[in-house]
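Reader: I would like to go through the labels put on this model. Please set each value against its definition.

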Amino acid sequence: MSNIVSEYIPFTVIDYTGSTTTLSSYNLSITPLVFTPQIATSISSGRKLVWDFGDNTTSNDFSPSHWYSNPGVYTVSLYVYDSFGQARYSTNPVNVTIKDYIQDTFTATTSATILSAVNGALTDPIVITQTIPARTAGYKTVIIEEKVINNTAGFFPKSYNPDDKLTTISTSVLSSYIPTGDEVRLASTILYEVSGANTLTYYKLKKDKYNHLEAYNTLIKKTFTPTLSGFEFAPIEAIQIPLNAVYAKLSSGTIVTTPVSSIDTLLVGYSGSDTCYYRDDFPCNRYNLTFKRKPVGVNNTLGITLSGIISQNLDIDSLSITSNGIDGDGGVSTSFAIDKNKFENSKIHFVVKIKDSQQNTIKNFPPLIYQAGSTNEIQVSLIGNIPLSSYTIYSLQNTLSSLSGGGYFRGYVEYSDTLTDVITGVSLSARATSLVNNQGTPSPSAITTELFELLLTEDDLVLVTDFGLAEYDIENTSNTFNIYPKNYYVPYKNGEEFDGEAMFKSLAFQESLIDKNVLFEDFFGTIFGDETSSPQSLGKKIYERIYNFVDNNVNIDTAEILKLISLGDIMDYKSTVFDKNLSTFPNLITRIVSLLSINKYKLFGETNKFTENFNTFGITTKDTYGKNLGDEIDPLTYVVTPSANIVAYEKFSKKYKLLNSYQPLCASPYKLSAYSTNWGWPLLLPTTFIPADLSVYYTFYEHNPVYEGNIVGSTLNFDLTNISQSTPLSALIESGGIYENIILDTLYQSLSLT
């Protein structure tokens, strides 16, 4: 039997501004509602209050303050118990409305009535704006447990009658918390769909590494890339607006927003805007671009659709030539130009594409054909100091790919002659003749008199026939590159000059073996190699391992990569550049990586700059001995010139001494005969001497300041490579430099790469 006494107990609701009439607020902790009961005098002083706020939360306070984490309409009820346990229920519960302070909004607008563009180019800009409340990204399911009185019709969040039996009920609700960055990005992800276009959306194409050559439609994000010194047009699968956090605080009863967090502010949501573009490679009369939200537990219907048209692009201007067809849309990118280092008998891949004057790719042409006399014919050749018979052009159209797009040509050129020297300044020339645009041909009305006159004034040959079929003749030239002989820069180490064939021949003491060329050249020579063999030949490899055993294994300056890592493990030092997982290269590559990882000073050594080779040992020529000893001079007449040192031969000790010409600063005049001990030269003379005594104790010579010239301390053997010891570091490590040449040459040969 219920113990409720039906008696009306009104209460008032006060919002954060002090108003008692709005009955609404925001779902923020800084904008709570305050509930105050109007207690009748008939209820004794022993009253107990229980507030049910309608969101599965309660309070026993007399006048509680409460805020709601999620928007909605909530019914607030009040239970009052007197000292006898009698419950007096408010017969008029109050509904309060809670709203998001930051509304969940998304807009896509454009200044044009209908989005318009020509095929291959960007449409009018689409401005995207979005705001999301913090709780949208911060949904989290929590379990709330409530206790109710068993076998009663009413809902009592709490009971104060100890005789009633209580039952626990668990309820799953969505609560909010501060979201992570990934959750915010997920909540702000907007998808799009295209209908009515004559192409597939980029992300619905069959996966292919040459998909960028296929005709497609897509939304484009235009981003300035400093490394390219220009804009990058990147297809996007979804719109991801860069959102900024919005914070709010309460100031004199008013909510004030700020983009910066402080102690007294609260995260209330996120807002941001961005610009994207639509691009389609084929003309169409009308397409529809529909936006929808990725489901994250919020409303998924945006109801936003933009429409547009794609007209024929008649601005056919030139051809682009790159290694893979990625040449930059709306601007020129040289990131994938033909590489500077190319090699004989290796495939030089290239892609030729049709471009307009704004460098947009034009794809609504049939595929270009490398065949004389055909429609959409393309002519390709190498230009430079190259005979025509030394190379061959091959087509890769319709091979290794299921692409159906047009306006491009894929192929490769192979230089087949045997080279001994580098061919520099080579480039690839392409010309497309009789280009007929027969896909999405403009209607006669689309070609105006002004357009016709414009086409006739272009530098390229353009014929417009029947006011609907355009014929073009365009050409261009690629960047320059070099063609190297294979193994042109092979770095030989000291010890790899070993000549196995000659070594075995030197052991042929028996007369019957001396002239056995088949044995020593064809057999031993093939197995162990000769002086010019590859560093990987068996003889060189074995000899080098022995010759450089210490340097390869325990010298931290020159050790091979894997040995260097092992040395680091011994010292409990973990490399931040290499580890074992990154060092499992093929054998040839491991050798190159180990070599080129050596410090240049240790790898190249230095030129011997010794300039005190004075003793001739009685030999008249000075090619080897005494090369720094010049002509004899007369100490009585010789005038010392600064920067021109002289050499003194001490007769009694038979030693040569180099005399610094800058040292006698006190000498005046600067004649050798005026020598005094104040000059600081290391000459031993009597305490009192006259100029004539100089020739009694010393013989003087001019100094010939030539270096010995040999290389000391190097790992490389410069007698067997085209690399010079004096090569600057910049020429080694620059893009397309010697190191890159060595690595590419090794990769092409050892891994059969092109």
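Author: Here are the labels, one at a time.
This is a predicted model, where local features need pLDDT of at least 70, side-chain atom pairs count only at pLDDT 80 or more, and totals for chains, interfaces and linings use all residues. Residues are numbered from 1 along each chain as its sequence is written, and side-chain values use heavy atoms, with hydrogens and water left out.

Reader: What makes asparagine 217 count as buried?

Author: Buried means under 20% relative accessible area, exposed over 50%, partly exposed in between (1.4 Å probe, protein chains only). Asparagine 217 has 1% relative accessibility, so it counts as buried. Asparagine 217 sits in strand E17 (residues 217-225); strands (E, at least two residues) and helices (H or I, at least four) are DSSP runs, numbered from the N terminus.

Reader: Which residues does asparagine 217 touch?

Author: Contact means heavy atoms within 4.5 Å. Not counting residues up to four places away in sequence, asparagine 217 touches Val194, Ala197, Thr199, Leu200, Thr201, Tyr202, Tyr278, Arg279 and Asp280. Its side chain reaches the backbone oxygen of threonine 199 at 2.9 Å.

Reader: Why is lysine 249 called partly exposed?

Author: Lysine 249 has 29% relative accessibility, so it counts as partly exposed. Lysine 249 lies in strand E20 (residues 244-251). Leaving aside neighbours within four places in sequence, its contacts are Ile30, Thr254, Ile255, Val256, Asp264 and Thr265.

Reader: How do you know that the span of helix H13 agrees with its number of residues?

Author: The expected span of a helix is 1.5 Å times one less than its number of residues. Helix H13 (residues 738-751) has 14 residues and should span 20 Å; its end C-alpha atoms are 20 Å apart, so the two agree.

Reader: Which residues of H13 are buried, and what covers them?

Author: In H13, the buried residues are Ile738, Tyr739, Asn741, Ile742, Leu744, Asp745, Thr746 and Tyr748. Their cover includes strands E26 (341-343) and E34 (481-484), along with helices H9 (587-596), H10 (600-604) and H12 (729-733).

Reader: How many helices and strands are in the protein chain, and what share of its residues is buried?

Author: The protein chain has 13 helices and 40 strands. Buried residues make up 43% of its 754 residues.

Reader: What share of contacts between residues at least 6 apart in sequence join residues at least 24 apart?

Author: In the protein chain, that share is 69%.

Note on methods
A polar contact is a pair of N or O atoms within 3.5 Å; within protein, one must be able to donate a hydrogen and the other to accept it, and residues adjacent in sequence count only if both atoms are side-chain atoms.
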